[in-house]
Every structure is written in C-alpha cells, then in structure tokens.
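Subject: Structure handover

Hello,

Here is the structure you asked to look at.

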Amino acid sequence: MSLKYTRKLEGKRVLVLGGTSGIGFCVAENALENGARVIVASSRQSSIDSTLSRLRNSYPELSSNVTGHTIDLRSSESEASIIELLKAATNDGTEPCDHVVHTAGDNLSIGPIDQFEGAEALLNAQRVRLLAPMLFAKHAPGKYMRRSNTSSIIFTGGVNTYRPGAGWAIPALVGGAQQGLMRALAVDLKPIRVNLVEPGAIDTELFQRTFTGEQLEAFRQKYRDQTLTGAIGTPENMSEAYLYVMRDAFVTGQTVLSEGGLLLAPGAQR
Ligand SMILES: NC(=O)c1ccc[n+]([C@@H]2O[C@H](COP(=O)([O-])OP(=O)(O)OC[C@H]3O[C@@H](n4cnc5c(N)ncnc54)[C@H](OP(=O)(O)O)[C@@H]3O)[C@@H](O)[C@H]2O)c1
C-alpha cells in the first residue's frame, strides 16, 4: 500500500531557528518523528548540545537526522551569520532546505514605549522576531531552499497582536508587521509558500521566564480561565500548526492560530 499522508515529510530538510526550546523544540521533535532531517539553531552552544542529546536519546535510530548550529539573531552582524548558517545547514546549497521555520525569540520587550531608553532600544527589541525572519527570507530562497510549492517559510507571531494587553506595544507591533511581511513574501517568493503561525498562551520556557514563582501559577490559571478549552497550550499542541503548514502544499499567505479559543472567550482580557 502506498501511503499518501503520513510520509510527506520523509527526507525533507527542515531548519528550525529557535529549535532548542519551547515551541521550536517540539516542531523539531514532530518533524523528526515524521521522517524529516532537522537542523536546529539558537544562540547558545549549551542549548544546542542539550537539544541534540535530548533528541538523540528520544530517537536513537534517527540520531544522524538531527544537527545543530549556533547563531545570535540579535547581533548587529546577524546578516552575515545568517548566510553562514544557511551555507552550513545546506552543505553550501547542495542540499537545500524544504522548510525554514522561525520560532526564535529573546526575552519579551514588555512595557510602555516611553520606558525604552532611546530609539535604538526600540529597534533592538524587534531584531530577533522581525529583522531576522526578513533576512532569512532575503537569503534562503535564492540558493538555500528548494524552489517548489512543497517548500515553505514559517514565521511565528502571537495572538497578542489582536488583543494587546497593557504594555504589549512592541510584541503587537512585531506581530502586525509579520502579518504584512508574510503576505507580501508569499507573493514575491512564489512558488515557495510563506505563512505565519500565531500561538496563544503556551506553557514554554519563555512563559516560565516571563512569569516567575507564584506569579507563574497565577498566570497559568488566568490563561486557563480565559480559553474556551479551559487549558493553557502546550508546545506539543502548537507544533501541529507548523506541521500542517509544511504538509499542505496549497496553503500560502495565511495565518494559522492555535489559541484555545482565547479570542472568542467572552470578556477575555489579560
Ligand atoms: N510561549 C508563548 O506563550 C507564546 C505566545 C505567543 C507567541 N510566542 C512566540 O513564539 C516564539 C517561541 O516562543 P517559545 O515560548 O517557544 O520561546 P522559548 O521557549 O524561550 O524559545 C526561544 C528560542 O529562541 C532562541 N533564541 C533566543 N534568543 C535568540 C537569539 N538572540 N538568537 C537566536 N536564537 C535565540 C532560544 O535559544 P537560545 O537561548 O539558545 O538562544 C530558544 O531556542 C517566540 O517568538 C514567542 O514570542 C510564544
């Protein structure tokens, strides 16, 4: 019997920027389970090493299907580093990526914009989530991605773009810009598909860093109360949105949300 659905990612090359933690880690796991060759990238060598160990321990028979590289997407040198990463991830373009997934995120820049010291600080707050995806989209398609409708670039935004809480101007700005960028790139980069995934509240390391101690449990409960599903999201849940976008060669220029019904829940407010 030839399988039409479950082997779509077999042998595909998937680069996950931010694949060492949270949502990106689960995208890497899920893609690996589905037969892909996965390259994870993030800023710290220690997190690359521990991610490779975790994945190789979980899937010993797939050990050779996962590799990792460091890159600091916040650096002012990030454009040169991105080209180097793309070369390394694709064996200098001879094994092009099928999917480039951007889930990298540094600590959230939350707070009223008058609390940011100087214009530079406001720009720096957008480097990892907005400038870096733009630079990948600039450099990856030429030589480092397969030019096909089976290939895709996936950005990560957030539902805070629709309903920003107090002090969420920067994340909301970045999310709104990603929506426009994604749609324009879907036109410019065709047939490569470009999509945006928008998570609701997902219990990841980022969440656990942003809210600590008792505050963390209070926030978890608050988000549970605010969804229709009565649950906070998991990165495993979230990874399914990315896998869907990779597997459906007809979806481009779209935003895919997974947020437990937060935006529909009556009276939901941060
Ligand atoms: N969790 C949520 O509730 C939620 C909701 C909406 C949107 N999002 C967005 O979804 C994305 C992923 O979130 P997450 O919760 O999975 O975050 P996470 O667990 O903190 O993971 C972030 C990843 O980005 C990497 N990273 C951080 N700074 C970097 C840099 N300068 N250069 C390269 N890589 C860097 C981290 O690895 P290193 O530390 O090794 O660099 C890590 O792999 C973020 O953009 C986040 O804003 C999350």
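The notes below cover the ligand and its surroundings, then the aromatic side chains. Please keep in mind that this is a predicted model.

The ligand

The shell around the ligand holds 31 residues, and the closest are Thr20, Ser21, Ser43, Ser47 and Thr204. On its own the ligand has 890 Å² of accessible area, and the protein covers 91% of that.

Helices H1 (22-33), H5 (127-143) and H7 (205-210) are the elements that each give two or more residues to this shell. H7 provides the largest share, with 4 residues. By type, the shell contains 14 polar, 10 nonpolar and 7 charged residues.

The aromatic side chains

The whole structure has 4 aromatic pairs. One of them is Phe207 with Phe211: the ring centres are 5.0 Å apart and the planes meet at 70°, so this pair counts as edge-to-face, the cut-off being over 60 degrees. Both Phe207 and Phe211 are buried. Together with Phe219 and Tyr223, they form one aromatic cluster.

A further ring to look at is that of Phe25. What sits over it? The charged end of Arg54 does, 3.7 Å from the ring centre.

Regards

Conventions
Residues are numbered from 1 along each chain as its sequence is written. This is a predicted model: local features need pLDDT of at least 70, side-chain atom pairs count only at pLDDT 80 or more; totals for chains, interfaces and linings use all residues. Side-chain values use heavy atoms; hydrogens and water are left out. Rings of Phe, Tyr and Trp (its six-membered ring) pair if their centres lie within 6.5 Å; planes under 30 degrees apart count as stacked, over 60 as edge-to-face and the rest as tilted. Buried means under 20% relative accessible area, exposed over 50%, partly exposed in between (1.4 Å probe, protein chains only). A charge sits over a ring if NZ of Lys or CZ of Arg is within 6 Å of the ring centre and within 35 degrees of the ring normal. A residue is near a molecule or strand if one of its heavy atoms lies within 4 Å of it. Accessible areas come from the Shrake-Rupley method with a 1.4 Å probe; for residues, only the protein chains shown count as cover. Ala, Val, Leu, Ile, Met, Phe, Trp, Tyr, Cys and Pro count as nonpolar, Asp, Glu, Lys and Arg as charged, and the others, Gly among them, as polar.
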